[in-house]
Amino acid sequence: MGEIRTHWFLRTYLGAPKLLPYLFLAPQLLISGIFFFWPALLAVWQSFLKEDAFGLKTEFVWFENYKEIFHDSNYLNSIFITLIFSISVTLICLISALILAGLVNKIKAGKYIYQTLIICPYAVAPAIAGVLWYFLFSPSIGYIANVLNILGFHWDPSLNGNHALILIILSASWKQISYNFLFYLASLQSIPKSLLEAASIDGATPLRRFIDITIPLISPTTFFLFIMNLIYTFFDTFGIIFTTTQGGPGYSTTNLVYKVYVDGIVNLNLGGSAAQSVILMIFVSLITILHFRFVEKKVHY
């Protein structure tokens, strides 16, 4: 009876049942349009404008903002910092998560305890993660910093740019390893044990089984996590940098997303900040497209 009423309602008020899928899609499309596509279009439009700090005067300058940012040495340096930061965090997260997932997958007693402990950092907000690592490595009160100083290594991320970059890499990696661990653990548990047992009977060593069987079978997961980690390093690490180094010392930890904040919010260069956000969006899109185009072919599904 209920199905008859639903069918009658669709035909009477919606015209035909084929409109039902569009109704289900409408909320998501509406949210994406309001919170993603519309702000993105506004950013593209604003990137062609030159505005004063108070918004009283606006001038259409075509590509002048784009020309200025590529003549800015600090912006070019932020590109270099972003590449180092994103590659380092992605590799650390993938390798560490795979090792942890492999170890937990072999544990029989207390497996869920280890899983819970490893997953916990993912629930920590990026800003909180940055604060935690800042206190650990603070040259005045940080426990790890004091140990390094005792060992003869003078650690000071507030003055040394390399130390500051290492600090944000470690804190960002610690925050993201849990995410990678969840997917790798699920992938390892889905591998048929009969394949590993057959390879073991044939005389394959554990290392050979890992290279020839495990890695190809989890390659779709690795491909997915590689893209997600890149997106994470480009966009979701602002809170970590803001609460630890604030882009310093001397722009040594200012990546692309933090440079957008500095120019737009601190320096009130709205047109230049919008142009940087457009370039950042294009850059991430190109990396994703190239990865799907050339790397996905080597993924075994």
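I shall begin with the basis of the model and then turn to the salt bridges and a surface patch.

This is a predicted model, in which local features need pLDDT of at least 70 and side-chain atom pairs count only at pLDDT 80 or more, while totals for chains, interfaces and linings use all residues. Residues are numbered from 1 along each chain as its sequence is written, and side-chain values use heavy atoms, with hydrogens and water left out.

How many salt bridges does the structure hold? There are four, a salt bridge being a side-chain nitrogen of Lys or Arg within 4 Å of a carboxyl oxygen of Asp or Glu.

One of them joins K50 to E68, at 3.1 Å from N to O. K50 belongs to strand β1 (residues 49–51) and E68 to helix α3 (residues 64–70), so the pair ties together parts that are 18 residues apart in sequence. Helices (H or I, at least four residues) and strands (E, at least two) are DSSP runs, numbered from the N terminus.

Are K259 and D263 buried or exposed? K259 is buried, at 1% relative accessible area, and D263 is buried at 8%; buried means under 20%, exposed over 50%, and partly exposed in between, with a 1.4 Å probe and protein chains only. Their side chains meet in a salt bridge of 2.7 Å, N to O. Both residues lie in helix α13 (residues 256–266), four residues apart, about one turn of the helix. Salt bridges with shared partners join D72, K259 and D263 into one network.

By contrast, D212 is partly exposed, at 43%, and its salt-bridge partner is R208.
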